[in-house]
Protein chains: 2
Amino acid sequence: MRSSFYISDGTAITSEVFGHALLSLFPVEFNHVTIPFIETEEQALEVNKKISVSFQETGLRPLVFHTIVNTDVRKVIAESEGFNYNFLNQFVEPLEEALGVSAKPEKHRTHSIHEKTYDIRIEAVNYALSNDDGANLKDYGEADIILTGVSRSGKTPTSLYLALQYGIKAANYPFTEDDMQDVLKLPPVLKHHKQKLFGLTIAAQRLHDIRNERRANSRYSSLQQCRMELREVENLYRREKIPFIDSTTFSIEEISAKIMSQMQIQRRKY
Amino acid sequence: MRSSFYISDGTAITSEVFGHALLSLFPVEFNHVTIPFIETEEQALEVNKKISVSFQETGLRPLVFHTIVNTDVRKVIAESEGFNYNFLNQFVEPLEEALGVSAKPEKHRTHSIHEKTYDIRIEAVNYALSNDDGANLKDYGEADIILTGVSRSGKTPTSLYLALQYGIKAANYPFTEDDMQDVLKLPPVLKHHKQKLFGLTIAAQRLHDIRNERRANSRYSSLQQCRMELREVENLYRREKIPFIDSTTFSIEEISAKIMSQMQIQRRKY
């Protein structure tokens with residue numbers, strides 16, 4: 001299998017995202033290798049050795065995606081035996097023209113700490129944790145969004161992703177069987193924040209599979225129970241006009257982006 | 001302020017990362033606007049209107065970073081009044097040559113669900129949550145890594161980021177004052193998993209500030225207490241040869257990338 005290297009003087013997150021996006025256009029499998037924090041020529045020479053070894057072992061010339069600011073270090077990587085793609089460079093000149101400003105590259109620029117947004121994210125993570133799973137109902141005034149849904153429909157990972165990636169404060173509230181004795185109604189605590197509500201639902205079969213891994217052959221995980229709970233929440237969403245999506249076929253990234261887009265929430269972190 | 005648009009038929013995460021990486025090279029502020037899930041020509045025309053409005057309102061031609069697979073939709077965006085950057089295109093041909101394979105673009109390719117890796121991440125998030133803050137000591141055998149450090153040194157956000165971004169199972173164990181009556185020693189439960197340990201530390205002043213926001217003017221948050229606890233854990237790290245970093249000036253992304261790199265852990269999710 002051909003190797004694809006992602007090299008950077010920082011976290012290499014940008015190289016990875018760029019390289020993965022490009023490679024996903026091709027019906028080919030790769031052996032992905034990320035090497036962050038390459039800041040000296042010596043380190044770069046070590047990287048080039050790894051690239052050469054991969055070439056020798058597989059007979060396939062590796063791909064090398066890199067974003068390195070230091071010219072000397074970058075020159076070393078550019079001499080590797082791989083196919084080198086330095087994607088930032090190609091766009092710098094057109095951007096300089098468009099903006100009428102010269103680029104001023106600095107190390108650790110993209111994914112480094114920004115005092116203010118850093119605190120925003122940590123605060124959002126803490127908020128998501130202390131408002132997870134209906135644990136706390138009195139801080140909903142602070143929420144940017146309140147995710148609702150039945151147990152194991154994806155509320156917690158989504159609220160954590162929204163916090164870490166966007167600095168969004170997302171509480172989440174689970175509808176349980178206890179709420180469904182008769183017809184599921186909107187609890188008063190949620191009624192007061194109706195404009196912040198966003199519902200998740202999921203295919204009954206998938207929910208059944210997920211719950212079965214947690215508590216096999218229980219009433220909680222039975223297909224019948226999953227169907228009943230999902231029918232109730234979906235009816236509630238429609239009746240109360242709460243926006244919702246079916247998370248079955250979407251990734252956490254997609255669910256989060258759809259929520260941000262539908263709820264018109266702006267990210268708090270760049 | 002000039003606007004920078006990130007447009008995609010998917011989550012727009014790739015456009016955002018690419019655009020932000022490029023723009024971080026310039027000492028200029030931008031008004032960032034992300035518009036995901038543009039899948040029809042009608043939607044694209046609406047986007048172009050927004051781009052035109054921004055141009056009219058600011059007198060500055062917006063930047064437009066886009067990654068759209070559908071040719072008709074892409075053509076519409078390419079006719080917007082902004083400066084258009086479709087970065088994937090420029091690299092497709094060289095990659096086709098390198099790989100000897102034609103690109104087969106598909107919608108929702110990059111950040112869509114991949115059954116297997118999806119489950120890995122959800123499992124890793126659940127693991128991080130149930131092994132947060134020393135809540136559970138018996139599942140350390142399953143951990144890819146065990147983060148240690150004093151209260152509020154960044155363990156929880158880091159373990160959640162490792163789970164969501166890389167599918168890594170990270171437990172975290174807090175050293176508390178109770179452990180430091182005499183000299184801080186490695187608790188037996190950690191000794192058994194010593195090769196998985198990674199330490200966090202932080203500047204005393206910063207810890208003092210963070211703790212003060214939580215419990216102002218307490219012993220817990222006093223500078224003296226912070227100094228004592230940090231001295232103890234740093235001594236322990238050195239004595240026991242536990243790799244560690246000072247998180248004070250690093251982002252969650254940087255801390256996580258450094259941990260992955262130093263511990264030689266491979267990501268489980270692409």
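Reply: Let us begin with a term: two residues are in contact if their C-beta atoms, placed from the backbone, lie within 7 Å. Helices (H or I, at least four residues) and strands (E, at least two) are DSSP runs, numbered from the N terminus. This is a predicted model, in which local features need pLDDT of at least 70 and side-chain atom pairs count only at pLDDT 80 or more, while totals for chains, interfaces and linings use all residues. Residues are numbered from 1 along each chain as its sequence is written, and chains are lettered from A and ligands numbered from 1 in the order in which they are written.

Me: Which are the buried residues of helix α3 of chain B?

Reply: In general, an α-helix has 3.6 residues a turn, so residues three or four places apart point the same way. A residue is buried if 20 or more other C-beta atoms lie within 10 Å of its own, exposed if 12 or fewer, and partly exposed in between. In helix α3 (residues 71–78) of chain B, the buried residues are B:V73, B:R74, B:V76 and B:I77. Viewed down the axis of α3(B), they fall within an arc of 155° (taken from the directions from the axis to the C-beta atoms), so they line one face of the helix. The face turned away from that buried side carries the exposed residues B:T71, B:D72 and B:K75.

Me: Against what do the buried residues of α3(B) pack?

Reply: They pack against β1 (2–8), α2 (41–58), β3 and β4 of chain B.

Me: How many residues of chain B are in contact with chain A?

Reply: There are 56, and they meet 56 residues of chain A. On the chain B side, α4(B) gives the most, with eight residues. That side divides into 37 nonpolar, 14 polar and five charged residues; here Ala, Val, Leu, Ile, Met, Phe, Trp, Tyr, Cys and Pro count as nonpolar, Asp, Glu, Lys and Arg as charged, and the others, Gly among them, as polar.

Me: In what order do the four strands of the open sheet in chain A lie?

Reply: Strands of a sheet pair through backbone hydrogen bonds, either parallel or antiparallel. Two strands count as paired if DSSP finds at least two bridges between them. In chain A the order is β6-β5-β7-β8, and the pairing is parallel. The edge strands, each pairing on one side only, are β6 (170–175) and β8 (244–246) of chain A. Three bridges join β5 (residues 145–150) to β7 (residues 197–201) of chain A. The bridge partner of A:T148 in β7(A) is A:G199.
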